[in-house]
Structure formats: C-alpha cells, structure tokens
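Please look over the structure shown here. The briefing that follows groups its notes by topic.

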Amino acid sequence: MTSCIPRGPDLSLVRVFIAEVSGLLEASAVPKLAQHFALLGLEPRSLACEASALTIELQDFFIKRIIIMLLKEWNYFFFVYQEPFEDGYVNGEDGSPTEEAVSKHVADGKGAVKFGWVKGVLVRCMLNIWGVMLFIRLSWIVGQAGIGLAILVISMATVVTTITGLSTSAITTNGFVRGGGAYYLISRSLGPEFGGAIGLIFAFANAVAVAMYVVGFAETLRDLLENDSIMVDEMSDIRIIGTITIVLLLAISVAGMEWESKAQLLLLGILLIAIINFLVGTFIPANDKRAKGFFNYHADILLENFGPAFRDNEDFFSVFSIFFPAATGILAGANISGDLADPQSAIPKGTLLAILITTIVYAGAAVATGACIVRDATGNISDAFIPGTVTNCTTAACRLGFNFSYCDTNRCDYGLMNNFQVMSTVSGFAPLITAGIFSATLSSALASLVSAPKIFQALCKDNIYPGLRGFAIGYGKNNEPLRGYLLTFFIGLGFILIAELNVIAPIISNFFLASYALINFSVFHASLARSPGWRPAFKYYNMWVSLVGAILCCGVMFIINWWAALLTNAIILALYIYVTYKKPDVNWGSSTQALTYLNALQHAIRLSGVEDHVKNFRPQCLLMIGAPPSRPALLQLVHAFTKNVGLVVCGHVRMGPRRQALKEIAADQAKYQRWLIKNKMKAFYTPVYAEDLREGTQFLIQAVGLGRLRPNMLVYGFKKDWRQADMRDVENYINAIHDAFDFQYGVVLIRLKEGFDISHLQTQESASQEKSAHPKDIVVNLEHSDADSSKPSSKSASETNSPAVCQDQKGKASEMFKGPSVPLNTADQKLLEASTQFQKKQGKGTIDVWWLFDDGGLTLLIPYLLTTKNKWQDCKIRVFIGGKINRIDHDRRTMATLLSKFRIDFSDITVLGDLNTKPSKANIAAFEEMIEPYRLHEDDKEQDAAEKLKEEEAWRITDNELEIYRIKTYRQIRLNELLREHSGTANLIVMSLPVARKGAVSSALYMAWIETLSKDLPPTLLVRGNHQSVLTFYS
C-alpha cells in the first residue's frame, strides 16, 4: 500500500478534495482523469488508493483544476515508487519535466487569451497571402503572362505553399507545439543548429517586412494626396507617414493580442468588402470606363489575353518571381503558435484552408481581369468608333468599338500592362479598393510586427544565442515580449527611414523561402530517420513530396534573385557554423539525432561483417579512469593518440552498497558523458557495479563495445599507492592485467611521477565554493588522491586510490578543477601542474621509444600516432633497442631499415650494448629495502607456518622466487638506470611492459619491478601488445 502514497500531499486532503468534487461528477466506465495523467507520464495511483470505487467522467474544468492542484500545490505529484534523478531535469530545458507537461497539456488558468483556428490562423494567413499583390500587381501579371500562364504562376506558387502547408501540418501534429512558429518547428525537428540559424533570420525578415508593408501603405497614401498636399517632399512624406503608422501599429500590438486580433478582423472585413466590390464591378456596365480598356466580360478579350505578351525584358520566371512573395504569408498563423488554444488542430486546418481560399480568389481575379480588360488603352473617349468602319484593326478592342492602335508605338496610361490601379477602375466603388489596399498593407504589417517578437522570444528562451537572453522575458497574462516589440519597432523604423526597400525585398523573400525549404526538409528528414517518435496525427503527407517541396523552395529562391539566394545561404551557413561551434546544451530529440543513430547502427552492423586487417588496426582503449574529472592528465594523454583514430571507453568500477551504487551509476552516466563532451573528449563513459576492481574490469572487458567497435587495449594508471594499499587490492590490480591478456587485449600502464588523481584538490575547491556568494556549477566527483606514505594502510584507503574505483560513501560534489582558492602544499602544487601538462603544446622535445620486446608493433604505433597530433607534432621519435656490443652498427642499420619499411619517421636509433650489466649496489640495496615488508622469509619460519602464511597471503615474495627471478629483477633496476641516463629529459617515454607469468610471480614482486623500472622518470607508458601485428610493410 505504501507504493500508492504520494510524496507531497496529505492523504486527508486527497479525501476531502475527492469528496468535494465527486458530487459534481458524472459516472462513466473509463475515468478521463487517468487519461490526462497518462498524458503527463504519471499514474494517479494515490487517487486510485483513495477513490478506487469511483469510475467517473470529469468535465474539462475539473480535470484542469485537479491537475493544477496536485501538480502545483502538492509538489508536482511525485510518487515514492518513482524516484527522480538527483540533478533534476537534464535536457537543457528550464524547469522540471512535470512543469513542462503542465504547460503543454493544461491551461495556466490565469486568463491568457488563446485563439481558435479561425481567428488565430485562417484570418492571419488570408490577410498575409492576399496583400497588395491582389489589388495592384495581379492585373499587370495577367497582362504580361496572359491568363493561362498567370494561372500557371498561381498554381506553381500554390504547389509550393501547399506542400509546405502539408509539411507544417505533419510537424505540428507530431507533438505539442509551443510558441515560436517556424523557428520552433524547425529547431525541434532538425535541431538547434538549423533552428537557431533560421530563427534569427526569420525573425529579422518579419521585422523588415513590417517596414516594407508600412512603406507600401505610405506610398499609396502619398499617391492619393494632391500635389499641394505634399508636406516636404515625396520621400520625406513617406518617412513621416510611415513613422506615424508604425507607432500606431506598435500601440495596437502592445495593447495585447486580443486588441491586435480585433484589428485583424476589422481589416479582413474591409479586405473582403473590397474583393466583393471588385467582383460586383465586373458585372456593372462599363459605359464611360470603356475608353480605359474595361469592357465587362467578353470572349474576345478572354481569348486575346489568354496567351502571353511579355514586354520590357520580362519573362515567365521574372513574372513568377514578382508574384511569389505574395504566397509567403502561410506561416502567419504558425508564428503565433504559443497564443493558439490548440495549435495541433488550428495550424493544419487554418493554413490549408487559407491556401485554398486565397488560391481560388487569386485565380478568379486573374480570370476576371483577363476577361474584362484589354492590355492597352488610351483613356480617350475620342478613340471610339463604330465597329467595322476601321480597317487594319483586329484587336478585341477594335471589335468592341475602340481603336487603341496608338498604344502600339507609344506608351499608354491604361490597360492591364500600364495601369496598376485597374481594379479601382473596374470596381463598383473605387475608394473601397483603396481601403482594401490599406487593409492589406496594414494587416500584413501588423501580423509581421506581432510575429517577429514572438519568434525572437522563443529563440531567446532556448538560449541559443546567450547574449540575447534578455529578450526572452515576457510580461502580462499573455507573456507578451515587450522588449521584442520595441526591438522590432526600431528595426522597422530604421528601414522606413531608408524608404528604399527594392534592394532588401528580394533578401527578405529568400529568408521566408529558406524557412519553407527547411520545414519541408524537416519532414523528409524525420521520415528518413524512421524514428519511433515520428508519428504525426496528420497523415496526408509524403516524405518524397516534402523533399520535392524543399527543392522547389530552393529553386524559387534563385528564380527570384540569384545573388539574394546566395547571400541567404551564406548567412544561414555562417549562423549554422556558429551555433554548431557553441554547442547549446539542449536536447529536443531532433531527427538529426535519430538519423545519426540510424546511420551509426547501419554502419556498425556493416562493419561487423568485415574481417580485421592489420592495415586498419586502431587503438581502441578501455581506460580504467574512474570519474573522468578526477584524472584529467590520464584521459588527455590517451585521448592524444586516439582522437579521430580509435575508440576510448572510460571505465568506472563502482563498489559499496549495491542500491546506492546503482542509483549513482544512473546519475553519473549522463553527467560524466556531458563532462566529456563539454571538455571535447571523444570518449564514452561506462560505469559498472562490482564487488572489486578485478570483477568490474572483467565485466567491462567482456561487455563493452558493439561489433567491431570494441576495445582491444586495457589502459591503467599506475597504482602509485600500492605499498600503502591492502595487498588484496594489489592482487586484484595485477590479476586484472592478466585477465586482459587472457582476453587477447593489449595492456598499457601509464605513470606520472606526481600522480594522476586530483580529486582531493577538487574537494577543497568544492568546499571553498560552497562558502562563496556565487557558487559555480558543480559535478559529482567520487575519487581521492594518490597519497604517498611509508606505511601500509587499510583496505578502504587502498580502494580509494585504485584507478576506476570509488567508495560511494565518500563521494563529494566538486566542479571541474580550475585551481583551488585554498593554499596548496608543494606536492599538491606539483600535482596540479602535472594534471594539465598534456593540454599544452609539447614543443621540440622527444618521445623516447624503448622497444625491448616484439609485441606486434604497438609500442611503435602509439608514439607515431602521437606525433600526428598538433600538440606533439614537433616532437622527434628516438628509438632505443637492446643489442650486443660487437654488433651495434649492424643492429642500428637493421632497425633503421625496419622503421623505414614501417614508414615511421625517427630522429635517432640507440643500441644499448650494456643492457645486461649488473646494476649498482646502491640501487640493488634500495630495491631489497622496498620489498622487505612483502617477503615471506620462509627459511626463518617453520615449514607449516610458512606454507599457511603463503596460502593466506599469496602476494608475499618467497626466497626461492626471488632467487629464480634475480636476473630479471636486476634487468629492471638496470633499465631504470639507463632510462634516467638517456631519457631523463624526454617529453614522454614509451617502453615495453615486462610481463610476469601468471601464478609464478607474486603480485608484490611484479609491482616492485614496475615501480623500480618507472620511478623518477618523465611521463612513462609501459606497453605490451597481444602479439597481434599492428604494423605492416605492405600498402
């Protein structure tokens, strides 16, 4: 029963609340409450415990109130059985998952104005699509292209917009849509890179469009004024009228969306009256309008105007480029998606119906003007004559009693080709057409003035461009972007004062088209990725049709203006590169991610069918590092020779109480992977729970990887504290290395004389940050330092110092280390400096390769890979090999020939003839002193006692063992002497790792060998391959 108890609310309150509302509810077999909670990803288990007998249908009002109360007043209704992550919502969005679910599914209940599909989408789209094109330029297009091609122009534009409308509908019905319009649709589909690029230019395009529409209104109003009504001059009058107009539009917008919507309805009413006025005018007898080319409907005029008659260097595509911008208003409704009551339903219905209605009106107006008005007319009534009395006159106008042959050689003022105010001439009441023009321009300007801030606000909320975060703030019940309104106002005002928009207009049109292209491509891309999350409720779309739509949009961009298209693409590319470089911390489940996964999966499967080849060998490392931030130098060195070459998996063995370990593993998985990405480390983080280091390493060796993408090398940091550690942990460490060889892994041990682990310094920094007034972001680190003392320590201390192992009870929060604010002792200061040494460029130093055993070439390959990286490229490779004194020259030439065949550049080869010389007595004595605490001394004990002690502590060194391996011991001591002599100043030493036969050499003796071999040296890599060849002579 405890699993039913909610974490926050008092059960008595639940009982009271249910009792209060249950009397107002109607019975039903399926409770709608459960359905709504299912949408939120929650189960109403606490309510089920208290009201299991209730099977009730909740009215929408009560559903919303119950959810709001439970989620807001009762700590978001988290249950005991559903434990959240400690570090909260990790996908980059503000707020918790529950808060976002509430904002998507439940009205906020504070009186925000929300629009339906008619007022919110249909009206806005129709106003933007019709525009001034309908009243001023459509007649000219019919005159140039003829009725047939004009219908084709309209149809082509409709095809593009319809495909885009279908794509928009598919995206909007594939989940809940929030504010941001085209930006939101593209960013959530293709990711922040495309979304951030298109969002900025789309918001800017809408802002400049405000200026374009206002200037169009000002020019029309100026033309209506008599010459003696000019205030200053024609250009200045446009600026004055435009400034006053945009101030009034700003006032309407700031007053709120409700007032803006009422203004749009008023303007639509005027526009519809103007259209009806024109259609009625076509049936009113022409009479005195005949001289201006208007003859009502006549078949002769229809046939004459059906074909094209291009003039003034115009052609089909130039006419199309002039018309198409009229169709760029289809996203006017989607742009205010955050203010729609149900954007999933409203955007598809409103957008597609708007396209249908406006297309019919445009086509009808084109046919009407083409069937009523001739292309050229003088406007002189004296050109009238009795039909049939004039020879050499065969035009439709001649057959109707007017001779406009004067226009054949001279420019006339009337007719489709010459008069942009044809619709005013035709209409029943000309001022209504002027009112329609005003309505079209002002409605488009008002829609753009509202759209730009809304899009910009959504962009800023996502923090794609951190410097613009201030514009995300909203005010009032509708979260109005007042700062965005002011920014849009000033951008529009600036371009109004320029008053010449002929240059900027093609760019703005291309900005809109780029948005449409990406919306279409988003649908194609999402369908291609075959993500299970792509399941739009709108089914009338096709991925290939959407791809065609994207290609058409790109083609239209170049048809309208090729240089503007190139400029648009360049701007989008620049913004895309910028956002990609910045890597915003967001995760929206884009189709880019889905397709990346699909491609990776397909290539991984394909790769698994390919046999390994020596030419394609890559070092793929299982790096036992623990928490990655605790050993940055170890990670950076391994990353240096695997970056863009091979795989790195950061293994982390968790021990301690199982429940606590598993909980922290779940949190660490995402946290440390983000840390790796943030620090540009191309690696994977894989934690595992185990009883000890060896078991955890075995798990990782066997389980990590996929197909051919599996590690082939085990990399350990040298266990610096082995003399203070519990020897059982040392045995686990050594046995894990033997296990790696058993699994055909190569092994690399890396030693830094200062040590790797800086977690104790991070802990100090964390403690100082907790006292600071401005704490930084922190990450959980669960490692401790490599202490160096002279006495053995407890088991817990040993486990703490083991690489890749952490004690859960000692985990503390600390940030990625940037330098502690507390004083450091000398040892810690050196450790801190050493932890960053591989971040720096290594300069003109050397990488010394001590190739003492043939392990397949891995000892040579790693140094070569390092020299291909920028930080190591100035370092020279020096090779040291063993040999005989009397064959030094021969061995050097042989080695040089071998390296040349392997195509590995080297600066020097040194043959060591004195490799087997006995080391100095002082060094032998130091070694014997070091191993003394670990010797069994069986000769000084009774046989039974000695055997029992050896059985209990197998790591102890027997006298017999020490005697058998005395020569090998001396070799390690001698090698250290030679290393310090020849390579003491090297940037890095790479040498063959001595390997002891499993079960024959005790753990203490083997660790003593490695300790002796690598002490007091520069950074050292001890490498031993699995005898698989990794180098080849052949191409």
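**Surroundings of Trp955**

Trp955 touches Met727, Glu731, Tyr934, Ser1002, Ser1003 and Ala1004, leaving aside residues up to four places away in sequence; contact means heavy atoms within 4.5 Å. The model is predicted: local features need pLDDT of at least 70 and side-chain atom pairs count only at pLDDT 80 or more, while totals for chains, interfaces and linings use all residues. Residues are numbered from 1 along each chain as its sequence is written, and side-chain values use heavy atoms, with hydrogens and water left out.

- Trp955 is found in the loop between α33 (943-952) and α34 (959-964); helices (H or I, at least four residues) and strands (E, at least two) are DSSP runs, numbered from the N terminus.
- With a relative accessible area of 11%, Trp955 is buried; the classes are buried under 20% relative accessible area, exposed over 50% and partly exposed in between (1.4 Å probe, protein chains only).
- Between Trp955 and Glu731 there are 6.9 Å in space, C-alpha to C-alpha, and 224 residues in sequence.

**The chain as a whole**

- The protein chain has 36 helices and 15 strands.
- Of its 1035 residues, 53% are buried.
- Among contacts in the protein chain with a separation of 6 or more, 82% are between residues 24 or more positions apart.
- The accessible surface of the protein chain comes to about 45800 Å², and 57% of it belongs to carbon and sulfur atoms; accessible areas come from the Shrake-Rupley method with a 1.4 Å probe, and for residues only the protein chains shown count as cover.

**Aromatic pairs and cluster**

- A search of the whole structure finds 26 aromatic pairs; rings of Phe, Tyr and Trp (its six-membered ring) pair if their centres lie within 6.5 Å, and planes under 30 degrees apart count as stacked, over 60 as edge-to-face and the rest as tilted.
- The rings of Phe524 and Trp544 have centres 5.4 Å apart and planes at 55°, so this pair is tilted.
- Phe524 lies in helix α19 (residues 504-529) and Trp544 in helix α20 (residues 543-560), so the pair ties together parts that are 20 residues apart in sequence.
- Phe524 counts as buried because its relative accessibility is 9%.
- Tyr1006 and Trp1009 form an edge-to-face aromatic pair, 6.4 Å centre to centre with 75° between the planes.
- Both Tyr1006 and Trp1009 lie in helix α36 (residues 1003-1014), 3 residues apart, about one turn of the helix.
- Tyr1006 is buried at a relative accessible area of 2%, and Trp1009 is buried at 0%.
- Phe204, Phe495 and Phe511 form one aromatic cluster.

**Charges over rings**

- The charged end of Arg124 sits over the ring of Phe115, 5.6 Å from its centre; this requires NZ of Lys or CZ of Arg within 6 Å of the ring centre and within 35 degrees of the ring normal.
- The charged end of Arg188 sits over the ring of Trp588, 3.8 Å from its centre.

**A covered helix**

- Helix α13 (residues 316-323) is mostly covered, with 6 of its 8 residues buried.
- The buried residues of α13 are Phe316, Ser318, Val319, Phe320, Ser321 and Phe323.
- Their cover includes α7 (133-172), α14 (343-372) and α20.
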